Amino acid sequence: MALAEQLRLPPEVNQIIYVRNLPLKITPEQLFEIFGKYGPIRQIRRGVASDTKGSAFVAYEDIFDAKNALDHLKGLQVAGKYLSVNYLQ
Amino acid sequence: ITPKNLQMLRLSKELQERNRHLTDTELDEILPSDGYEIVKPPESYKPQ
């Protein structure tokens with residue numbers, strides 16, 4: 001890919017992805033295992049209230065790692081559930 | 001400097017801005033706190 005294309009990322013792409021449909025009892029080790037595969041993680045916030053459980057925000061240090069993670073995680077099945085993954089709006 | 005270089009320069013500057021290191025305060029401004037908790041990285045987590 002020419003450098004120009006690499007530099008021109010779509011506007012919605014950013015360092016933070018929002019994930020839903022995570023297993024409720026997922027552990028920090030599993031979270032960092034699944035998401036850490038795509039690059040160094042800046043921070044993970046997970047939902048702990050009744051209406052936020054099963055969702056998480058995963059901030060990557062590098063925008064290309066976030067894009068790579070999203071492209072690979074879309075529709076991944078974890079513990080029988082299909083992950084829903086989007087960029088933070 | 002050719003238009004192509006100028007464009008490259010602008011794109012890479014823009015990318016640097018979008019890819020900067022976010023501070024804890026910036027993350028607190030961007031991400032919700034109520035209903036969410038920050039997950040402490042496990043000891044075993046060593047980013048390369």
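Chain B contains two helices and one strand, where helices (H or I, at least four residues) and strands (E, at least two) are DSSP runs, numbered from the N terminus. Followed along the sequence, these elements of chain B come in the pattern α-α-β. The model is predicted, and local features need pLDDT of at least 70, side-chain atom pairs count only at pLDDT 80 or more, while totals for chains, interfaces and linings use all residues. Residues are numbered from 1 along each chain as its sequence is written, chains are lettered from A and ligands numbered from 1 in the order in which they are written, and side-chain values use heavy atoms, with hydrogens and water left out.

Taken along the principal axes, the C-alpha atoms of chain B fill a box of roughly 50 × 30 × 15 Å. Of the 48 residues in chain B, 21% are buried; buried means under 20% relative accessible area, exposed means over 50%, and partly exposed lies in between (1.4 Å probe, protein chains only). The accessible surface of chain B comes to about 3,700 Å², and 59% of it belongs to carbon and sulfur atoms; such areas come from the Shrake-Rupley method with a 1.4 Å probe, and for residues, only the protein chains shown count as cover.

On this surface, B:I1, B:L6 and B:L9 form a nonpolar patch, with about 340 Å² of accessible area together. Patches are made of residues with over 30% relative accessible area and no salt bridge, in which like charges are joined within 9 Å and nonpolar side chains (Val, Leu, Ile, Met, Phe, Trp, Tyr) within 5 Å.

Charged side chains come next. Side chains of opposite charge can pair when their charged atoms come close, and a salt bridge is here a side-chain nitrogen of Lys or Arg within 4 Å of a carboxyl oxygen of Asp or Glu. Over all chains, the structure has eight salt bridges. One of them links B:E14 with B:R10, whose closest N and O atoms are 3.9 Å apart; these two residues stand four residues apart in helix 1 of chain B, so about one helical turn separates them. B:E14 is partly exposed at 33% relative accessibility, and B:R10 is partly exposed at 49%. B:R20 meets B:E17 in a salt bridge (3.1 Å, N to O), and the side chains of B:R20 and B:E26 also form a salt bridge (2.9 Å, N to O). Elsewhere, salt bridges that share partners join B:R10, B:E14 and B:R18 into one network.

Which strands form the open sheet, and in what order? There are five, in the order 6(A)-1(A)-3(A)-2(A)-1(B), and the pairing is antiparallel; two strands pair if DSSP finds at least two bridges between them. The edge strands, each pairing on one side only, are strand 6 (84–87) of chain A and strand 1 of chain B. From one strand to the next, the twist averages 20°, with axes being lines fitted to C-alpha atoms, for helices over the stretch in contact, and angles running from 0 to 180 degrees between N-to-C directions.

Strand 6 of chain A has a covered face with A:V85 and A:Y87, and an uncovered one with A:S84 and A:N86. Strand 1 (residues 16–20) of chain A is also joined by four bridges to strand 3 of chain A, where the bridge partner of A:V19 is A:A56.

Strand 3 (residues 56–60) of chain A pairs in turn with strand 2 of chain A over five bridges, and A:I41 stands opposite A:Y60. Seven of the seven residues of strand 2 (residues 41–47) of chain A are buried, so this strand is largely enclosed by the rest of the structure. Strand 2 of chain A also pairs with strand 1 (residues 36–38) of chain B over three bridges, with B:Y36 as the bridge partner of A:G47.
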